[in-house]
Amino acid sequence: MFIVLLAVQVLFLNQIQFSGYINPFIYVLFIMLLPVNIPKYALMLLAFAMGISVDVFSNSLGVHSAASVFIAYLRPGIIRVITNREEDMNEYPGLAQTGWRWFLGYAILMVLLHHLALFYLEVFTFANFLNTLYRVILSSVFSFFVIVLSQFIIFRD
């Protein structure tokens with residue numbers, strides 16, 4: 001999954017930019033779909049590996065690495081917050097295993113937090129706060145759409 005998502009990101013999705021505001025990032029799905037019971041150090045290392053790989057191919061100086069490690073760090077807390085009971089949580093947090101409601105909430109939070117970190121680190125200023133927030137929202141919506149679509153097409157069980 002690492003190689004496929006990385007290849008789709010750098011070969012196809014990095015080429016998509018609608019007026020500089022919509023940049024889809026599907027590689028976030030790799031971090032989202034790692035097993036729930038993965039050790040935190042492994043989660044952080046895998047997120048860093050994915051982020052640095054995207055950075056190398058995108059010449060982005062570490063912003064993808066930082067955003068990926070950020071959401072990997074927050075992921076266990078997000079899963080705890082949106083899961084009602086411990087026995088309701090599957091080992092694999094995919095759409096087919098967790099259901100619509102849970103997965104949509106999880107995907108929205110993860111994608112939005114990733115994009116907030118990514119775009120604000122990229123511009124590294126709050127001078128054009130609303131313009132950057134507009135980019136975050138548009139890119140998050142498009143990325144979310146691509147992630148949910150991929151769950152139906154590729155990752156269905």
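Visitor: What do the buried residues of α6 pack against?
Guide: They pack against α2 (28–32), α4 (63–82), α5 (95–98) and α7. Contact means heavy atoms within 4.5 Å, and buried means under 20% relative accessible area with a 1.4 Å probe, protein chains only. Helices are DSSP runs of H or I, at least four residues, numbered from the N terminus.

Visitor: How should I read the model itself?
Guide: This is a predicted model, in which local features need pLDDT of at least 70 and side-chain atom pairs count only at pLDDT 80 or more, while totals for chains, interfaces and linings use all residues. Residues are numbered from 1 along each chain as its sequence is written, and side-chain values use heavy atoms, with hydrogens and water left out.

Visitor: Which residues of α6 are buried?
Guide: Among them are Trp102, Phe103, His114 and Tyr120.

Visitor: And what follows α6?
Guide: Phenylalanine 124 follows α6, and its phi is positive, near 55°.

Visitor: Changing topic, where is alanine 47?
Guide: Alanine 47 lies in helix α3 (residues 40–58). It counts as buried because its relative accessibility is 0%.

Visitor: What does alanine 47 touch?
Guide: Leaving out residues up to four places away in sequence, alanine 47 touches Ile31, Ser68, Val69 and Ala72.

Visitor: Is phenylalanine 145 buried or exposed?
Guide: Phenylalanine 145 is exposed (over 50% relative accessible area), at 52%. This residue is in helix α7.

Note on methods
Helices (H or I, at least four residues) and strands (E, at least two) are DSSP runs, numbered from the N terminus.
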